[in-house]
Amino acid sequence: MDDLLQEFIAETRETLEALSGEIVAWESAPADRERLDAIFRFVHTVKGSCGFLDLPRLARLSHAAEDVLAAVRSGERTPDTRLVNAVLAIVDRVGEIVEAIDAGHALDDTGEDLLISALDAGSEAIVTSVAPVMRAPTRSVRLNVDLLDRMMSGMSDMVLARNELARRLRDEGVDPTIEAALERLSLTVAEMRDTVTRTRMQKIEALFSALPRMVRDTAAELGKSVTLHIEGSDVELDREMIEMMRDPLVHLIRNSIDHGLEGPAGRRSAGKRDSGWLSVSARQSGNQIVIEIADDGRGIDTGRLREKVLAVGLRSESALRAMSEQALLNMVFEPGLSTKEVVTGISGRGVGMDVVRANVEQIGGRIELANTPGKGLRISIHVPLTLSIMATIGVGVRDQRFAISRQTIEEIVRVGAGSIRIDQLGDTLMATVRDRRMPLVDLGDLLGFGRREPAMLVIVGASGGSYALAVDTVLDHEELVIKPAAPLVMATNIYAGQTLPDSGLPMLMLDCAGIAQLAGLVFTREIVPEDDAEPSAPGVQALLFDDLDGVRRIVPLSVIDRVEPVPVGAIRHAAGRLRLSVDGAIIPLVALGMWEGKASVSVLRLRDGSVELGYAIGEALDIVELPDTLVPAHDSGPIAGVVSIDGEQIEVIDLHWLFSTHADPNAAADAPLCLLEGADTAWLTTFLRPVLEAAGYRVTTALRPGEVAGVIVTMDGDAASPAHAAPVVRLRRDAEGSAVDGSIFRYDRPGLLAALAKSAGGR
Amino acid sequence: MPLFLIAQIAGRTVAIESSHVESVVDIGAIVPVPRSERHVRGLAALRSRVVTVIETKTALGLPEGDGTAMRAVITIVDGHHYAMLVDALEDVAAFDLSPLSAGIMLDNGWHRVGRGIIERDGEPILVIELGALIPAVAAAA
């Protein structure tokens, strides 16, 4: 929430700066409609933001100013000097309060009633003197996007230069010290690139995280109950876009709750559940990000909309008659139109929608409405992908590589596996993957390279259906910065964008929806099932693989973070077990066979939520459904049992055994915190800390704010500070000392750990 | 007097206004763009930037080149970078731009790009606008 507040402050400050010119202009020409609209939009936005940031004073001020300005806009009041002054006094006050919030000091609220009453017709003119405002220094800066862009491209240049240097050095066969230096450089460069990229990109979560609170508050205010579904929070978007999308999204959601969803009584009589359903989702589709806001409310009443348009006089009756339903719907985006008569603190002044459309169009996006009167409204905002980082899978066709967004990929299968068949119906290819029939598109053929026997099938989902895309090879998984390609390239409808991977050779990203269209695939859009219908429990998906010892085994897909090849150089027997260095960390590795002779092995990176474990395998084969019946293993160990898949006996990995036996216990973030205290912390940190960490404690010598120690360890003779409520374990220096005082000899490892475990609540 | 870059395209000498030229480069490996228009040779990397490489001869409606031209003039159209392949570059100098003489009809694709004439030592040289070689395609919605 703090982030949001900071952003609100920065934004308001910025708008105020931009607005100061408008204000002066409006002062000299109060009849100027454009200036009026600009100021109106400002107070409206402030009002909207205040609502969900819980700033009642600002909300009150802005609401009052908005009322008056609305009256001016509709012609009920004429803007005379007094009114202009009163509005400007409020705008100034908003600025003062915002500065006060930022600086964290209180601002006297006397006089605010006066400011508000000054807005009324016939009130006394007011004179305000604005006190000089002290600005608090902030820990954030707002930067020009151009600067960030230059930083990004400089960074990419650096990566390419590093790659070339590495290539040259490898060719020359230089001595290891130089290689080590290069390695260090590479690490720094990679880290830098991550940071720089993050300056530009943000998960849409930043936008979505405030929604539950906002929806709850808005719904509570209106006496409605709303169930919110959020999907796709991890879609990444340009920071600039996120900023631009904030207001539209807030407006639309408020509108949905206020106008769309009926009250509980209304819903009951319409045969709906009491609680309204609101879904906000984001997904990447082709070269766009689609943000959808859908509700199951009453939808837009086009009849009333038509009357309203007539009443306001936006269109003539004959023009309205000639209009299609969709065109009529789009009239809601016209300025000065609202189908709701009651103006509430939430929305409903008919500004929202035109501002929303203006904002969206400003970033090159568009809005679509899908209205089902009585059943609900679905609003889709399409924004272009100016720049985004996407998880992609590289595929090869002949000697060219392409990227496919991982989000669109359902699965990847190798042709030749038992459950896959490819048939020809007439001239059309069709794939059958585990009894599921789907159209097949030969990517090589589509791109004009000619047909070839499919080797790998990438099953992709596109607008309502799935199809199999035949490629020659599936390469690696890569996070890529995707930028739009030139119009000449985009016009082919095959590509979603272009990117420059570390290889230094440009690569195109495929637009799977465009390819489906080009290949003439037509999917009838599935009807969204009633949300009452429980989805039938899907089976557990699992990865089938050949293990290092040649045995075919299976492991549930949900625990696999990723599968990646690692050089065997990254695998070491160290500190008593097999470990793998990967991504700058060391994780335990399990290998059930020989890996030493190979150049690289594939590693499954398994994760149980908090702890990570590597599992070296021979080759990943296929994704299958894990059968329900498992014949348990004879002994406990890495194998839980055996299942039958297509008549073959497949061993199932025992994840519980694997994690309980092999995982580093201290990796868990929720481990009890052990505070080392006293004069002799040197011995404690040097000797004791590794022991404690190995036993699964987090260890510190000083608590950070907010941290609570689970147990305190101190040397005999030091008084533990009474500030902590945690139990204390005292250590003594002599082996012989009396155990009467409850202290423990400092080299008595089992005794020490037992005492700790007892004190910390058992571990 | 504006500066012009004198280049060779398909054996003809042409002049390009230097304000339209971002840089002059040698193109490295070109990655083809399957199913794009014939004059799109592909994509190439220029430092960290991806440029779209245009086969200038094909775009002019002339017989296709042998694909060996690797020197290119970078121009920016609507925010996108294009590398226009040229046979050779000769010179950069300031000239007076004069309109095409009345009655001169340019053929092939030349009439689309011809913008005027400059005179170098008595030899008239056609001034072309590179951007005109990139057909405006409505941005895919």
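## Helix pair in chain A

Helix α6(A) passes α7(A) in a left-handed crossing, meaning that the near helix is turned anticlockwise from the far one by less than a right angle. This is a predicted model, in which local features need pLDDT of at least 70 and side-chain atom pairs count only at pLDDT 80 or more, while totals for chains, interfaces and linings use all residues. Residues are numbered from 1 along each chain as its sequence is written, chains are lettered from A and ligands numbered from 1 in the order in which they are written, and side-chain values use heavy atoms, without hydrogens and water.

The axes of α6 (residues 145-172) and α7 (residues 176-200) of chain A come within 10 Å and cross at roughly 160 degrees. Axes are lines fitted to C-alpha atoms, for helices over the stretch in contact, and angles run from 0 to 180 degrees between N-to-C directions. α6(A) and α7(A) are therefore roughly antiparallel, the term for angles over 145 degrees. Helices here are DSSP runs of H or I with at least four residues, and strands are runs of E with at least two, numbered from the N terminus.

Contact (heavy atoms within 4.5 Å) involves residues including L148(A), M152(A) and R162(A) of α6(A) and L182(A), V189(A) and R193(A) of α7(A). By class, the contact has 16 nonpolar, 3 polar and 4 charged residues. Ala, Val, Leu, Ile, Met, Phe, Trp, Tyr, Cys and Pro count as nonpolar, Asp, Glu, Lys and Arg as charged, and the others, Gly among them, as polar.

## Nonpolar cores

A nonpolar core is a set of buried Ala, Val, Leu, Ile, Met, Phe, Trp, Tyr and Cys residues joined through side-chain atoms within 4.5 Å. The largest has 61 residues, and L443(A) and Y467(A) have the most contacts inside it. Strand β14 (residues 456-462) of chain A gives the most to this core, with 4 residues. Another core, of 45 residues, lies apart from it and includes V215(A), L278(A), V356(A) and I379(A).

Beyond neighbours within four places in sequence, L443(A) is in contact with V395(A), V397(A), L469(A), A470(A), V471(A), L510(A) and I515(A).

## Chain B

Chain B has 2 helices and 10 strands, in the order β-β-β-β-β-α-β-β-β-α-β-β. Of its 141 residues, 49% are buried, with under 20% relative accessible area (1.4 Å probe, protein chains only), whereas exposed means over 50% and partly exposed in between.

D78(B) sits in the loop between β6 (71-77) and β7 (80-86). It counts as exposed because its relative accessibility is 71%. Its C-alpha atom is separated by 9.6 Å from that of G131(B), 53 residues apart along the chain.

Technical notes:
Parallel < 35°, antiparallel > 145°, perpendicular 65-115°, else oblique.
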